[in-house]
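Biologist: I've got the model open and I'd like to go through the labels with you. Can we take them one at a time?

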Amino acid sequence: MIPISRSRFPSGKVCGPNDRVQFLHLAANQAKRRGRQIKMRPDWEDRKLTIMHNLLVHKFNENLELIPKLLDTGGAVLVEGNTWHDNYWGCCSCPGAEAIADGTIWDAC
């Protein structure tokens, strides 16, 4: 069985382990692109938070040196800034995005 690639969140979008093989040797940007082209598992919207949680647990269990670095951020809000219209996991700041008063970016891209 091919597990969801720990560094390739998009591999969790497919149901079968045979479908995950296509993500094994892709760079992160390639995996992201491929993830937009595949037929998603029917329960993706219900499962994506659990999949991300499990991937993060694995990441920190396998890279213990990251734990104090994360804890050192204290109460800081950590946001992935991006320009590829991802306002679910991050905050798009491309010219088409609109900032509102509280700092939230709404996707107008």
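**Checking the labels**

Modeller: In the protein chain, 31% of the contacts with a separation of 6 or more are between residues 24 or more positions apart, where contact means heavy atoms within 4.5 Å. This is a predicted model, so local features need pLDDT of at least 70 and side-chain atom pairs count only at pLDDT 80 or more, while totals for chains, interfaces and linings use all residues. Residues are numbered from 1 along each chain as its sequence is written, and side-chain values use heavy atoms, with hydrogens and water left out.

Biologist: What is the average pLDDT of the protein chain?

Modeller: It averages 80, and 82% of the residues score at least 70; pLDDT is the predictor's confidence in each residue, from 0 to 100. Helices (H or I, at least four residues) and strands (E, at least two) are DSSP runs, numbered from the N terminus.

Biologist: Why is Lys48 called buried?

Modeller: Buried means under 20% relative accessible area, exposed over 50%, partly exposed in between (1.4 Å probe, protein chains only). Lys48 has 9% relative accessibility, so it counts as buried.

Biologist: And what makes Glu45 and Lys48 a salt bridge?

Modeller: The label needs a side-chain nitrogen of Lys or Arg within 4 Å of a carboxyl oxygen of Asp or Glu. Glu45 and Lys48 are at 2.9 Å, N to O, so they qualify. They sit three residues apart in helix H3, so about one helical turn separates them. Glu45, at 55%, counts as exposed.

Biologist: How do you know that Arg41 and Asp43 form a salt bridge?

Modeller: Their closest N and O atoms are 2.6 Å apart, so the pair passes the cut-off as well. Arg41 is buried at 15%, whereas Asp43 is partly exposed at 27%. The whole structure has two salt bridges.

Biologist: Which residues make the nonpolar surface patch of about 320 Å²?

Modeller: Leu49, Tyr88 and Trp89. Patch residues have over 30% relative accessible area and no salt bridge; like charges are joined within 9 Å, nonpolar side chains (Val, Leu, Ile, Met, Phe, Trp, Tyr) within 5 Å. Leu49 has 52%, so it counts as exposed, and Trp89 has 32%, so it counts as partly exposed. Leu49 lies in helix H3 and touches both Tyr88 and Trp89. Trp89 itself is in the loop between strand S1 (80-82) and strand S2 (90-92).

Notes: Accessible areas come from the Shrake-Rupley method with a 1.4 Å probe; for residues, only the protein chains shown count as cover. Lists of a residue's contacts leave out its neighbours within four places in sequence.
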